[in-house]
Amino acid sequence: MMHLLTDLRFFRRFVTSSKDGDARVWDVTLRRSVICLSGHTLAVTCVKWGGDGFIYTGSQDCTIQVWETTQGKLIRELKGHVHWGTEYVLWTGAFDHTRKQYSSPEEMKTAALERYNKMKGNALERLVSSSDDFTMFLWEASVTKHPKTRITGHQQFTWPFKSFCFLRLVNHVYFSPDGQWIASASFDKSVKLWNGITGKFVATFSGHVGPVWDVRTKKLKQDLPDGEKVSSGGRDRVLKLWMG
């Protein structure tokens, strides 16, 4: 599996990761790899290029590594998870719901940086990680290797037909576009909401059958069939687009 994310500041560079245990920075103009980030002992399953220029790599070796992007130097290693397991403004870059058109790459780069800095404000860039050890960690990885807080709360779940297997996996976690909220999903059939700055618990959304929730009321807003467009994917390897 390969993951890719571009550098918000330069656009001509992007980073990939793979099961070979490395992450690589590529230069679009030169059409070659310019930096190899080598330090993990197992597959790199996730890579993120932060808005402040750092690259974060998550691996099956249970560590997250933080890299500088000039020479590919390892800055620090984050440890806490016992199993392996906001970028919205980063991966949307200069584009948002207004569909504004730009006259040059430089104008796009300036607009993207303005969006990122406005969202971040005076706070440090934050990273949230999750694992099949049923925990999450909130990090300020640019300044310390110690987690800001450990986030727990998902409950034990027995997988059908496998009574010997008890799971509390946090299989997906995401910041809201403004970085104020963290949403996590688990095999315990719940979605939980956390404060994106402190990591404190806010609410649980239970009874998941594919609904859409309202963060302000902490209640079900509407069922998916009533939406305009919804995409879904599953272990059956089928991606479906649903129309309201």
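## Model and overall make-up

Helices (H or I, at least four residues) and strands (E, at least two) are DSSP runs, numbered from the N terminus. The structure is a predicted model, in which local features need pLDDT of at least 70 and side-chain atom pairs count only at pLDDT 80 or more, while totals for chains, interfaces and linings use all residues. Residues are numbered from 1 along each chain as its sequence is written, and side-chain values use heavy atoms, with hydrogens and water left out.

The protein chain contains 2 helices and 21 strands. Of its 244 residues, 40% are buried (under 20% relative accessible area, with exposed meaning over 50% and partly exposed in between; 1.4 Å probe, protein chains only).

## The sheet β14-β15-β16-β17

Four strands, in the order β14-β15-β16-β17, form an open sheet with antiparallel pairing (two strands pair if DSSP finds at least two bridges between them). Its edges are β14 and β17 (201-205), each of which pairs on one side only. Neighbouring strands of this sheet are turned against each other by 20° on average, direction ignored (axes are lines fitted to C-alpha atoms, and angles run from 0 to 180 degrees between N-to-C directions).

Strand β14 (residues 170-175) is joined to β15 by 5 bridges, and His172 stands opposite Ala185 in β15. The hairpin of these two strands, β14 and β15, has 5 residues between them, and in this hairpin Gly179 takes a positive phi near 75°. On to β16 (residues 191-195), β15 again makes 5 bridges in an antiparallel arrangement, with Lys192 in β16 as the bridge partner of Ser184. The hairpin of β15 and β16 has 4 residues between the strands, and Lys189 there takes a positive phi near 70°. Finally, β16 and β17 run antiparallel and are joined by 4 bridges, with Leu193 standing opposite Ala203 in β17.

## A buried glutamate

Glu125 lies in the loop that connects α2 (105-120) with β9 (127-130). With a relative accessible area of 9%, Glu125 is buried. The side chain of Glu125 reaches the backbone nitrogen of Gly51 at 2.7 Å. The side chain of Glu125 is also joined to the side chain of Tyr56 by a polar contact of 2.9 Å (a pair of N or O atoms within 3.5 Å; within protein, one must be able to donate a hydrogen and the other to accept it, and residues adjacent in sequence count only if both atoms are side-chain atoms).
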